Amino acid sequence: TTEIYTLSLHDALPICGNTAVPEMCGFPAYTFLARTWIFYDYDTGCGHWVEVDGAQPPGRARHAATFGGGYFWSHGGRFRAGPSGRYEVRDDLWRFDPDTRTWEEMRPAGPVPTGRYNHTIVYDDTNDQILLYAGNTSTSGANATPQNDVWAYSIADNTWRTIEPPKNGRRDARRCGRCASGSNCQRPDRRRARRRSSVRRC
């Protein structure tokens with residue numbers, strides 16, 4: 001499950017994820033969920049849960065999520081129909097409108113990041129874009145294929161582009177399972193107008 005908390009809305013939004021119950025002391029059987037819940041009034045002591053109706057992103061786990069531009073964003077993750085075998089690694093990008101409580105798949109034009117999980121995305125409000133970093137592209141549950149690429153998604157253009165290190169610059173080591181956070185660097189009047197966010201992976 002990925003949970004996002006918004007300071008201005010005082011709400012928490014857990015999206016997708018999976019449940020696992022051990023069988024005969026062995027590996028657990030996974031049930032991948034395609035459900036969205038909103039916990040309203042997170043910090044007032046009067047909170048309550050509301051499940052979102054309508055179309056949802058397909059079930060998955062270990063996806064990345066962030067909040068920016070007035071929307072919740074979810075990318076990637078992995079899915080497996082049975083208790084064993086290869087995973088289907090997703091490369092799709094979805095956004096959730098908290099006002100209308102609806103999901104939309106973005107379907108960007110042009111190249112997109114390779115499907116992955118255990119990666120991180122953050123919202124860059126200076127350029128109104130989403131930054132994606134690293135992750136695991138392996139379809140195996142036993143062996144990882146970590147990455148170190150960086151991508152930027154333009155919300156206005158609905159396109160992805162790669163970000164290369166400066167000439168003679170050093171590329172970060174390949175890795176997955178990282179955490180990242182975004183910081184609002186706008187001038188004070190725009191900072192108040194933007195919705196800020198933090199991301200926690202459970």
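**Strand pairing and aromatic contacts**

In the predicted model, Thr-120 stands opposite Tyr-133, a residue of strand β14. Strand β14, which spans residues 129-136, pairs with β13 in the antiparallel sense, and five bridges join the two. Both strands belong to an open sheet of four strands, arranged in the order β13-β14-β15-β16 with antiparallel pairing. Because β13 (120-124) and β16 (159-162) each have a single partner strand, these two stand at the edges of the sheet, and one side of each is left without a neighbour there. From one strand to the next, the twist averages 25 degrees.

Trp-37 and Trp-49 form an edge-to-face pair, with the ring centres 6.4 Å apart and an angle of 85 degrees between the planes. This pair links distant parts of the chain, since Trp-37 lies in strand β5 (residues 37-40) and Trp-49 in strand β6 (residues 48-51), twelve residues apart.

Elsewhere, ring pairs link Tyr-71, Trp-73, Trp-151, Tyr-153 and Trp-160 into a cluster. Tyr-71, a member of this cluster, also has the charged end of Arg-95 over its ring, at 4.2 Å from the ring centre. A further contact of this kind involves Arg-78, whose charged end sits over the ring of Tyr-87 at 3.8 Å from its centre.

Technical notes: Residues numbered from 1 in each chain as written. Predicted model: local features only at pLDDT ≥ 70, side-chain atom pairs only at ≥ 80, totals over all residues. Heavy atoms only, no water. Phe/Tyr/Trp six-rings, centres within 6.5 Å; stacked < 30°, edge-to-face > 60°. Lys NZ or Arg CZ within 6 Å of the ring centre and 35° of its normal. Pairing = 2+ DSSP bridges. Axes fitted to C-alpha atoms, helices over the stretch in contact; angles between N-to-C directions.
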